[in-house]
Structure formats: C-alpha cells, structure tokens
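Subject: Structure for your review

Dear colleague,

Please find below the structure for your review. My findings follow it.

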Amino acid sequence: MRSRYRIIDAESPYFLTATVVHWLPVFTYHDTCDIVVEALQFCRNEKALRIYAYVIMENHIHLVVQAPQLGRVLQSFKRHTARMLIKNTQQQQRAWLLNQLQYFRQKHKTESTHQLWQEGMHPQQIQNVEMLRQKITYIHNNPVRRGCVDAPEHWRYSSARCYLTDDKTVTHPVLEVDPLPNG
C-alpha cells in the first residue's frame with residue numbers, strides 16, 4: 001500500500017500530515033507557529049501552493065493543499081521550517097527541546113545534529129468534493145477533539161475562521177486560504 005502515500009496527480013489537492021519527531025511539543029509557542037505560517041505564506045506567494053485548510057497542533061500540522069510540483073514544495077517547506085525552528089529553539093535557549101531533537105534524530109541523518117520532522121507526510125489524494133469537505137472538517141475539529149478549544153474557530157492556528165460567513169466576533173485568521181476547487 002505504499003502507493004497510497006505518494007503524490008501521483010499534480011492537479012489534485014492532497015490531505016497531508018507533518019509530524020514532529022517523537023511527537024515532541026514544538027508548536028506550543030507563538031514564535032514557532034509563526035515560522036510555519038510564514039513558510040506556508042511564502043510557498044503560496046512564490047511556489048504556487050494553494051492552501052485549502054490547515055491546523056497547527058502542538059506536535060503536528062495537517063494541510064489540504066495543491067501545487068504543480070507539490071512534492072518539491074513540501075520538501076522545501078519541511079527543510080526550511082526545520083532549519084528555522086531549530087535556529088529559533090537555539091535562540092530561545094530551549095535546551096530541553098534541542099536535546100530531544102538531537103536524541104531522536106535518526107542515525108542516517110548525518111547532515112545535521114538535530115531532526116525536527118518525521119520522514120514523509122503521508123499524502124492522501126482528495127478524490128471528490130465529499131472527501132475534501134470531510135478532510136477539512138477533520139482538520140478544523142482537531143483542536144476540539146484534543147480538548148484545546150470548544151469551537152474550531154477559536155483555535156488561532158487553524159483555517160476554521162476562514163470558513164465562517166457572518167461571525168464578526170472572531171478575529172481574522174493568521175493565514176488566509178484559497179477558494180475550494182470544484183465548489
């Protein structure tokens with residue numbers, strides 16, 4: 001079933017999950033979440049990444065995205081965010097986290113002393129509009145299921161706010177999303 005986790009159609013959107021090694025809680029600080037947001041925005045502006053949904057949790061991110069060269073965009077995104085997040089962790093003197101990122105680095109990762117992301121993103125091709133909406137709902141409800149918030153739109157690092165139509169009490173999202181393909 002390995003083919004299930006490959007990008008096979010560049011014209012389709014994909015549901016993806018990027019997980020921090022050993023599920024370490026890297027995204028419990030605004031500064032680390034902002035690095036991911038800035039990188040996603042860069043990929044939108046410079047690499048034709050279309051973002052339909054996202055959530056940044058404490059140790060993983062979920063995305064529904066699409067790009068002409070999605071595999072390369074994701075590889076670049078993970079490489080860049082790993083470097084920036086490790087640099088930030090060093091600057092913030094979060095020694096406990098640096099020690100863990102070093103300890104859980106896979107032995108074959110000889111080009112660096114730390115590893116931030118687990119390998120792969122398990123891309124699942126979105127087959128139809130029903131699946132697209134199901135994955136978006138899953139993403140937005142992730143913080144609710146974890147008991148972090150009562151409503152999806154209350155989670156700051158989520159696209160749930162982008163899908164609200166009339167609620168003026170909720171602030172703007174940290175990252176806008178693209179219009180959904182096919183409705």
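The largest pocket is lined by 29 residues, and those nearest its centre are Gln75, Lys78, Arg79, Lys109 and Trp117. A pocket here is an open set of points on a 1 Å grid over the protein atoms alone where a 1.4 Å probe fits, with protein on both sides within 12 Å along at least five of seven lines; a lining residue has an atom within 4 Å of a point. The space in this pocket comes to about 830 Å³, a volume being the space filled by probe spheres set on the points, which are joined across faces, edges and corners.

The model is predicted: local features need pLDDT of at least 70 and side-chain atom pairs pLDDT 80 or more, while totals for chains, interfaces and linings use all residues. Residues are numbered from 1 along each chain as its sequence is written, and side-chain values use heavy atoms, without hydrogens or water.

Helix 2 (residues 70-91) contributes the most to the lining of the largest pocket, with 10 residues; helices are DSSP runs of H or I with at least four residues, numbered from the N terminus. The lining comprises 10 nonpolar, 10 polar and 9 charged residues. Nonpolar covers Ala, Val, Leu, Ile, Met, Phe, Trp, Tyr, Cys and Pro, charged covers Asp, Glu, Lys and Arg, and the others, Gly among them, are polar.

Helix 2 also packs against helix 1 (residues 30-47), at an angle of about 150° and with the axes 10 Å apart. Helix 1 is therefore roughly antiparallel to helix 2 (angles over 145 degrees, taken from 0 to 180 degrees between N-to-C directions of lines fitted to C-alpha atoms over the stretch in contact). Their crossing is right-handed, that is, the near helix is turned clockwise from the far one by less than a right angle.

With helix 3 (residues 95-103), helix 2 crosses at roughly 140°, the axes coming within 8 Å. Ile86, Thr89 and Gln90 of helix 2 meet Leu97, Leu98 and Leu101 of helix 3, a contact of 4 nonpolar, 2 polar and no charged residues.

Conventions:
Helices (H or I, at least four residues) and strands (E, at least two) are DSSP runs, numbered from the N terminus. Angles under 35 degrees count as roughly parallel, over 145 as roughly antiparallel, 65 to 115 as roughly perpendicular and the rest as oblique. Contact means heavy atoms within 4.5 Å.
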